[in-house]
Each structure stands twice: as structure tokens, then as C-alpha cells.
Amino acid sequence: MVMNNERIAELIYKRLSNASLNESEMIELQHWADAAEENAAYLNSVDADREVFLEKLGTMLSFNQEAGWQQFREQNFSSGKAPVKRISVFWKAAAVFVLLAGAAWLFLQKETRDNNSVPDEIAVVNDVAPGMDGAVLTLANGQRMVLDSMPDGNINAPGATGIRLQDGTISYAGNGGNNPSINTLQTPRGRQFHLVLPDGTGAWLNAASSISFPTAFTGNERKVRITGEVYFEVAANKAKPFLVEWAEAKVEVLGTHFNINAYADEPEAITTLVEGKIKMMRGKETVLLKPGQQAVLPTNGTLRLQQGDPEHALAWKNGNFHFAGRTGLEEVMRQVARWYDVEVVYENGVPQQVFAGEMERQLTLKQVVNALNQIGVKVRMDGKKLVVRK
């Protein structure tokens, strides 16, 4: 009887979670176990370490299953591959965060070990909470306000007229008059924040980002400047185009929804259009975007247009990390570093691994580190550093 890994994973999951296997399913699983010594040993190890596996499963429950499950099916079953004998357990009903390395193995794994084998190193960390809402507001007079620690309500300070903090959102009433001043909102690593600009435009800042803006939009345009990653929902106003500037580039819109990822440590700045139309410019280079498209600006290269993935681009705003099947380990760890405010260092080079799937940003750092170890990425905590080794 030939069975694929997808089916075996389902049967082992049911067995592990005490779900009732019917007689036919029990026979199926037994046939697989009888087919090879390694299969039988693996099944025995699942039974013997049931509590350990269930603990791992609890860690994985926060992962979203659909994207990675689809990626797994495409990578492993579309070409009719024969099943491998030494199987990694893929928790369809719980989660996926698929490691695609070479032949694309399954996610949650426990290798069969003999008495002489040395177990893989498991990171032991002092847990770090995930990031949260918080930012620093700098007024035109230089006064800095840490919004994390401020109570809700109107901000009473010189130069802060018309500014209100409520439920993790700071908003401007547009009372800057004819001489508006420039304010800057900055999110440190491990923080995110929502801003409502004087015209009603919403701006959501990811970790380690900033936006500088006037306290009122006067004249014939609305201009802001950003660093890092910001998602905009621009209030429509045909008489006043909305301009977003960063580094040497800018985006011009009338009213639309879009995301700009322009971190200085990323190799490319990527603008993703969700709704409406925008124009992106750098010097004499210009591209017009339609919904679902991305403008990609390499550090050293030509501005180009490509089909994008809004779900991937906006995952951070929706409370997730999203890895689209082509996400390398360095990109994953840059996101982790910003959100948990840690430094990542590599011993003996960067492992060449690629990820797909989705992971909640509300996991603690310990959960993330444990998950990475479980899929073969060797990570340990050293103070405020995550040390990754081949």
C-alpha cells in the first residue's frame, strides 16, 4: 500500500491527539509502520513522547495553517513523488510554518535517534514579550513624549493643540492654522502605532519606523516623509495630492490604500498598492501602479513594476508575520529582530533556508525560538542577541 506523507501526517495527528481512528485508518497506519523499520521506530517515538509532542503542538497552535499547507501540497505532492520513509510530522489541524530546504521537508519534526546520537541543541531563553503599541512623538519645539506611558485624552503641552491620544491611536484636529509646524512620530523596535493625520488620512507604523508631517495641510499638496514601513489609507482630496517621500523616492496619490516598506537594512524598498492608483517616482524614473501591483526599488538598481501580494505586504498590520515561499532566513530574522528588539548574529555564515506560511506576532520570543529549533534552524539566546548557526 502506497501512502503519501500528507495522509500519514493526518493519521499520526489523530493518534496523538486521542482522536478516534476507525478500523480502516488503524490498518492504514499499521501498514505504513510495517513497511520500514524507521517508520515503526518513528511511530513508537510519537507514542512514547506523547506529552512532549503535545507541548510542541501547543506552541504551534498560534500559527496559521492555510498558506503553508497549500505550499506543502504544491511542493510535495503535485509531482507524484514517492513518500519518504523518515517522515516529519506535519500538523495540518494545528499549524504550518513550512521549512523549504532542498527537497522541501515538512514542518514539525522529530528525527529518529539511536542511543549513540546527540540531540540537537535546543535554545533556552529568558522569554521576551512580543512588540506592542507604543511610539515617541516629537513636537516642533523639540519636546519628546513617550506615548506608551501617557493616559488617553487630549495632550496638554505647549505646541500640542488639537492632538488627542485614544486607544493606541494619536489624532490631529488640523488646528495648525496658516503656520503649521512639523511633528515626528517614531516607533522604536518592538513597537507599532496608528496615526490619524490632520486631513483624516490613516497611517500605521510598523516597528522601527517614523513619519514626519505638518500639524495642518496648507497649500496645494499634502506631504509627509517616512522611514521604515508605513501603511496608508489616504483621505481623498482631488485638489491636494498626497505625497509620501523617503530617501530619494516618493509616491503621489489622491486617495488610496498602500503600503511602503523602505527599511534601510532591506535590499529593496517595496510599495504595494491595495486600492486606487498611485505613482511612484525616483528622479526621472516613474511607474504607475494598479491594485495588487508593487513598485520595487533596489538599493542599486532600476525602479521596476511587478505583481505583488497584498496579503504578504499587510500581514504585519493584521498581526502576523507572513512568509511567501521565497522568504530567506535573513529576511525572517530581520523581522524578528525589529519586533522583539533583539540583535541577530550568524555563526559560520547564514543557513540557506526558505520559509512559507504565516505566524502570529503575538507569540513570545521563546515560542518563536523553540519553533525555529523544531524546524531545524539552530538558534540560541545570548543576552539581547539571537545567535544562529549552521
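A residue counts as exposed when its relative accessible area is over 50%, so Ala247, with a relative accessible area of 63%, is exposed. That is a handy place to start with this model, which is a predicted one. From there, this briefing visits a pair of helices, a set of aromatic rings and a few loop residues.

**Helices H7 and H8**

- Two packed helices are described by the angle between their axes and the distance between the axes.
- Helix H7 covers residues 329-340 and helix H8 covers residues 365-374; their axes come within 11 Å and cross at roughly 160 degrees.
- An angle over 145 degrees counts as roughly antiparallel, and H7 and H8 are therefore roughly antiparallel to each other.
- The handedness of the crossing of H7 and H8 is left-handed.
- On the H7 side the contact is made by Met333, Val336 and Tyr340, and on the H8 side by Leu365, Val368 and Leu372.
- By residue class, this contact of H7 with H8 has six nonpolar residues, with no polar and no charged ones.
- An α-helix has 3.6 residues a turn, so residues three or four places apart point the same way.
- H8 is mostly covered, with seven of its ten residues buried.
- Those buried residues of H8 are Leu365, Val368, Val369, Ala371, Leu372, Asn373 and Gln374.
- Following H8 comes Gly376, with a positive phi near 100 degrees.

**Aromatic rings**

- The structure holds seven aromatic pairs.
- A pair of aromatic rings is described by the distance of the centres and the angle of the planes.
- For Tyr172 and Phe213, the ring centres are 5.0 Å apart and the planes stand at 90 degrees, so this pair is edge-to-face.
- Tyr172 belongs to strand E8 (residues 169-172) and Phe213 to strand E12 (residues 209-214), so their pairing ties together parts that are 41 residues apart in sequence.
- Tyr172 and Phe213 are both buried.
- For Trp204 and Tyr231, the ring centres are 5.5 Å apart and the planes are at 45 degrees, so this pair is tilted.
- Trp204 sits in strand E11 (residues 202-205) and Tyr231 in strand E13 (residues 222-233), so the pair ties together parts that are 27 residues apart in sequence.
- Trp204 is buried, as is Tyr231.
- One aromatic cluster is formed by Phe217, Phe232, Phe242 and Phe258.

- Look for Pro188 in the loop between strand E9 (182-187) and strand E10 (191-196).
- Pro188 has a relative accessible area of 35%, and is partly exposed.
- Although Pro188 and Gly134 are 54 residues apart in sequence, they are 8.0 Å apart in space, C-alpha to C-alpha.
- Setting aside neighbours within four places in sequence, Pro188 is in contact with Gly134, Ala135, Ala207 and Ala208.

**Loop residues with positive phi**

- Most residues other than glycine have a negative phi, and most peptide bonds are trans.
- Ala247 is a residue other than glycine with a positive phi, near 45 degrees.
- You will find Ala247 in the loop between strand E14 (242-246) and strand E15 (249-253).
- Asn348 is also a residue other than glycine with a positive phi, near 60 degrees.
- The loop that holds Asn348 runs between strand E23 (343-347) and strand E24 (354-360).
- Asn348 has a relative accessible area of 66%, and is exposed.

Key:
Residues are numbered from 1 along each chain as its sequence is written. This is a predicted model: local features need pLDDT of at least 70, side-chain atom pairs count only at pLDDT 80 or more; totals for chains, interfaces and linings use all residues. Side-chain values use heavy atoms; hydrogens and water are left out. Axes are lines fitted to C-alpha atoms, for helices over the stretch in contact, and angles run from 0 to 180 degrees between N-to-C directions. Helices (H or I, at least four residues) and strands (E, at least two) are DSSP runs, numbered from the N terminus. Angles under 35 degrees count as roughly parallel, over 145 as roughly antiparallel, 65 to 115 as roughly perpendicular and the rest as oblique. A crossing is left-handed if the near helix is turned anticlockwise from the far one by less than a right angle, and right-handed if clockwise. Contact means heavy atoms within 4.5 Å. Ala, Val, Leu, Ile, Met, Phe, Trp, Tyr, Cys and Pro count as nonpolar, Asp, Glu, Lys and Arg as charged, and the others, Gly among them, as polar. Rings of Phe, Tyr and Trp (its six-membered ring) pair if their centres lie within 6.5 Å; planes under 30 degrees apart count as stacked, over 60 as edge-to-face and the rest as tilted. Buried means under 20% relative accessible area, exposed over 50%, partly exposed in between (1.4 Å probe, protein chains only).
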